[in-house]
Each structure stands twice: as C-alpha cells, then as structure tokens.
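User: I have a new structure open and want a quick tour. Keep it brisk, please.

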Amino acid sequence: MKKRKLTERTQRWVTFGLMAIALLLAATILSLLRRPGRIEVLGKIPIPNASPHVVFDKISIGPDHDAVRITNVAIVDLDDDGSLDIVACDAGRNCVLSYHQNPNGKWQERTLGENLKVPAHATVVDLDQDGDLDIVVSVLGDILPSDKLVGRVVLLENEGMEFSQQILLRDVRRVADVQPGDFDQDGDLDLAVAVFGYSRGEVLWLENRGNTGAGFGFRDHQLLVRPGAIHVPVGDLDGDGDLDIATIISQFEEELWAFENIGAGEFRSRRLYFSHNFDVGGAGLVMCDLDQDGDLDLLLPQGDNLEDEQYWPQPYHGCLWFENQGDWNFHGRPIGQLGGTYAAAAGDLDGDGDQDVVLVSMVNDWSNPAHPSAVWWENNGQQQFNNWLLDTTPIQLATVACGDLNRDGRADIVAGCLHLFPPHDLDRVGRITAWMSK
C-alpha cells in the first residue's frame, strides 16, 4: 500500500514535469516564430541607389596599419588655423591622432596622446579655458566585455600643440564617452561621463573643483546606475537656460534617458524611451536640431548586433529621430533603415540649408557585396527623407562625423573602421575614409 502511494505520487510529478516541458517548448517555438527570420529579413531591407545630383570624392586618410580599430572620429579646427582637422581614436595603436590637410591636399598624421588603452572617444574642448583646445579622452581599458576597473578619463592638455596627460577619473569600469558643460553654472567646465562597463555601469557628472596644485580636481556625482551607457550628449533640452544631459543605455535594457538640470548641481532623471526588443542594439546618441525649429532633438542609431554570430541585418536596424516637442515630450519616428547601423551624424550634405543624416554599418552580412556600409538620408526641408547609397566599402564602419573639410559650403563625411572580426574580403577593410563633396 505504501509502495503504491509512492508510485502514484511519482507519476503525478512526472506528468507535471512533462506538461511544464511541453509548455516551455511551445513558448519557445512561439517566440521563434514571432522573431523575424534572418533569411526573410535580408529581402526586406532595401538597397538604395546613389544620388544623381550629389557626388562625393572618396579618399583614404592616414597610413595603413595591421590593427584597424578606429573607435571615434571628429571634425574640428584643432590648431585654430581656419581649416578643419580630423581627430581620431585608434584602439589598435592605443593612441589619439590628428590629421591636418596640407596645401597640396595631403593629410599629415600626428600623434597627440599615446599609451591610452583602447580610447573610445576624444572630445575637443578648452577645458582649462586658456584659449586653446584640449582633448578629453574616454578610455575603455578593454575592448572586450569586462567589469574590471580599467576605465579612465584622461585630459590631453594643449601646451602649444604639444599635449601632456593628466588622469581626471580612474578606478571605474569601461568609459565610453565624456562631454563637457558648466552644469552648476559656476563659470568652469564640468564633465558628463558614460561608464559603459559590462554588467555594471553608471552615468556620472564630474564637478570641476579647480586646480588643486597637482592639476584639475573633480568630484563625481552619480546620475544613473545602469550598464551600457554609450554616449552622453549635453545641451539645453528644455530651453530653460541651463545644460541637461542625455544618454542611451544598451546593455540588457534599451533605454533613452535625460537628466534635467534643476539647478545647484541637481538633476531630475527622465526616461524618454525604452524598447521591448532587447535585440535592437542602440549604438549611440546624437544631439542636434534636425528640424531647425530652435530646440534640440535626438538621433538614435540602432543596429549593434555584435552578440549575433551571423551579424544579419534586421528590419529594425536604422535610425530613430526623437523630435523635441517641448515640456520633455520627445516623439520618436524612424528616419530609415540600414542593416547593422552603428553610428549617425547630421550635416547639410547637399547645400540646401537643412540637416541631412548619415548612417554607417559595422556588423552586417558582408558576404553580399551590395550591402551598404554607408548611406545618407536627404532631408527635403520637411523632415521627409530620401535614402541614397554613399558606399559599400570600406566595411565595418563604427564611427562617422560631418564637417566642411574642403570649405565649399557643404558638409563632407569622415568615417572610421573598427575591424573586430574577419570579413569575407580583407580588401574591403579600410581605416579612415573621407567622402568630400564635389
């Protein structure tokens, strides 16, 4: 009798277990059916044509190197000579570089800072307010996922176009971006910091405490505890005269946050957007007045699928425009698609007075040579966009910037390649490439 009861109990548990497995299997199959199929997706992302009325000259900038890992490019007049230079972070050589265009049209490379382990971003700003431009470097410390305290913020202080190094923040996890602003309105420049980390990260603002005798002193204030902060653009998002901070979180969660400056160094956190699609892959954040209505909007490139072994383009890859409608209302709408979108930039590429948008792709199905590595979206002045192919090579582009390098009144384009994985064709990997308007 006792043995029979034990058998019946065992049978009930076995039945319960089989039902649970069946339910789990059904849920898994349902979720797979709902997820876009990779083979189907390839046919859903249109491949654009080149623009018939805007033409670019393509040039390679700087010498070739075996380790092609450009993590950031910026266009700025670094030496204040009236012409724009290119500043780049090279994570293969662990340095920050500048490229100056000589009168003969050749680009001269110069090393500004060395021994910077995996620099992620270089922000050009007169931090010490002495009349020349310094560079604040966001140092990841490790290009691979890590929660080790390897991140740093390093100042390259300009001393007559020779740059000395000072560490402004250390013993934090991987730092992806730093942006300046006088957040407490005391007359000096503070810093917003995106600590990406891996499973642990945060957003900070560093209060400038002035020169301590041994260099700058900063006091850190925590704004958000989240892993995966990529960019922290700074601007007056609510039009009240002080500087706010925005960030995109793209690790475990997909969220767009703003930190409203309420005065005296205090901020109010506002989540502006989140996605239930954890695979969407936010890849950065750009602050600009896209519709030129006097307030600041946000551009969110999406397509970071580095954790996907096949890197297939997906229909949700591309760029979202978050239109600032006032009172902290941001309306998100897609500008367009590009498989594996990893960075965006805005500029007037066709010289018609409005802001166009450039997107570059890093992770994609590069076995298809027709897949674009860079596209641009022409603004008709009403924020309606036509999609044009910029190029299919080089591939694996991770950063892009716009600026008028040839001084013809139209924005040119500079992009950098971050080569992490072997492509199908090594000849399609470049380093720094410029597309100059003709």
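Analyst: Terms first. Strands are DSSP runs of E with at least two residues, helices are runs of H or I with at least four, and both are numbered from the N terminus. This is a predicted model, where local features need pLDDT of at least 70, side-chain atom pairs count only at pLDDT 80 or more, and totals for chains, interfaces and linings use all residues. Residue numbers start from 1 along each chain as its sequence is written, and side-chain values use heavy atoms, with hydrogens and water left out.

User: Fine. Where is Ser-138 found?

Analyst: In strand β7, residues 134-139.

User: Buried or exposed, that Ser-138?

Analyst: Ser-138 counts as buried, because its relative accessibility is 0%. Buried means under 20% relative accessible area, exposed means over 50%, and partly exposed is in between, using a 1.4 Å probe and protein chains only.

User: What is Ser-138 in contact with?

Analyst: Leaving aside neighbours within four places in sequence, the contacts of Ser-138 include Val-118, His-121, Arg-152, Asp-177 and Val-178. Contact means heavy atoms within 4.5 Å. A polar atom of the Ser-138 side chain lies 3.0 Å from the backbone nitrogen of Val-178. A polar contact is a pair of N or O atoms within 3.5 Å; within protein, one must be able to donate a hydrogen and the other to accept it, and residues adjacent in sequence count only if both atoms are side-chain atoms.

User: How far apart are Ser-138 and Asp-177?

Analyst: 39 residues in sequence, but 5.3 Å in space, C-alpha to C-alpha.

User: New topic: rings. How many aromatic pairs does a search of the whole structure find?

Analyst: It finds 8. Rings of Phe, Tyr and Trp (its six-membered ring) pair if their centres lie within 6.5 Å; planes under 30 degrees apart are stacked, over 60 edge-to-face, and the rest tilted. One of the pairs is Phe-183 with Trp-205, edge-to-face at 6.0 Å centre to centre, with 80° between the planes. Phe-183 sits in the loop between β10 (175-181) and β11 (190-195), and Trp-205 in strand β12 (residues 202-211), so this pair ties together parts 22 residues apart in sequence.

User: What other pair does Phe-183 form?

Analyst: Phe-183 also pairs edge-to-face with Phe-267, at 5.9 Å centre to centre and 75° between the planes. Phe-267 lies in strand β17 (residues 266-274), so that pair links parts 84 residues apart in sequence. Ring pairs join Phe-183, Trp-205 and Phe-267 into a cluster. Phe-183 is buried at 1% relative accessibility, Trp-205 at 3% and Phe-267 at 14%.

User: Now sheets. What is the strand order in the open sheet of 4 strands?

Analyst: β18-β19-β20-β21, with antiparallel pairing. Two strands pair if DSSP finds at least two bridges between them.

User: Which strands stand at the edges?

Analyst: β18 (286-288) and β21 (330-337); each has a single partner strand, so one side of each lacks a neighbour in the sheet. Neighbouring strands are turned by 25° against each other on average, direction ignored. Axes are lines fitted to C-alpha atoms, for helices over the stretch in contact, and angles run from 0 to 180 degrees between N-to-C directions. Inside the sheet, 5 bridges join β19 (residues 297-302) to β20 (residues 318-324).

User: What does the side chain of Asn-324 reach at 2.8 Å?

Analyst: The backbone oxygen of Leu-237. The Asn-324 side chain also reaches the backbone oxygen of Leu-296, at 2.9 Å. Asn-324 lies in β20, and at 3% relative accessibility this residue is buried.

User: Last one: which residues touch the most other members of the largest nonpolar core?

Analyst: Phe-56, Leu-349, Trp-376, Val-400 and Ile-413, in a core of 23 residues. A nonpolar core is a set of buried Ala, Val, Leu, Ile, Met, Phe, Trp, Tyr and Cys residues joined through side-chain atoms within 4.5 Å. Elements giving two or more residues to this core include β22 (341-347), β23 (356-361) and β24 (374-379).

User: How many residues of β23 are buried?

Analyst: 6 of the 6, so β23 is largely enclosed by the rest of the structure. Asp-356, Val-358 and Val-360 cover one face, and Val-357, Leu-359 and Ser-361 the other. β23 runs antiparallel to β22, with 6 bridges, and antiparallel to β24, with 4 bridges.
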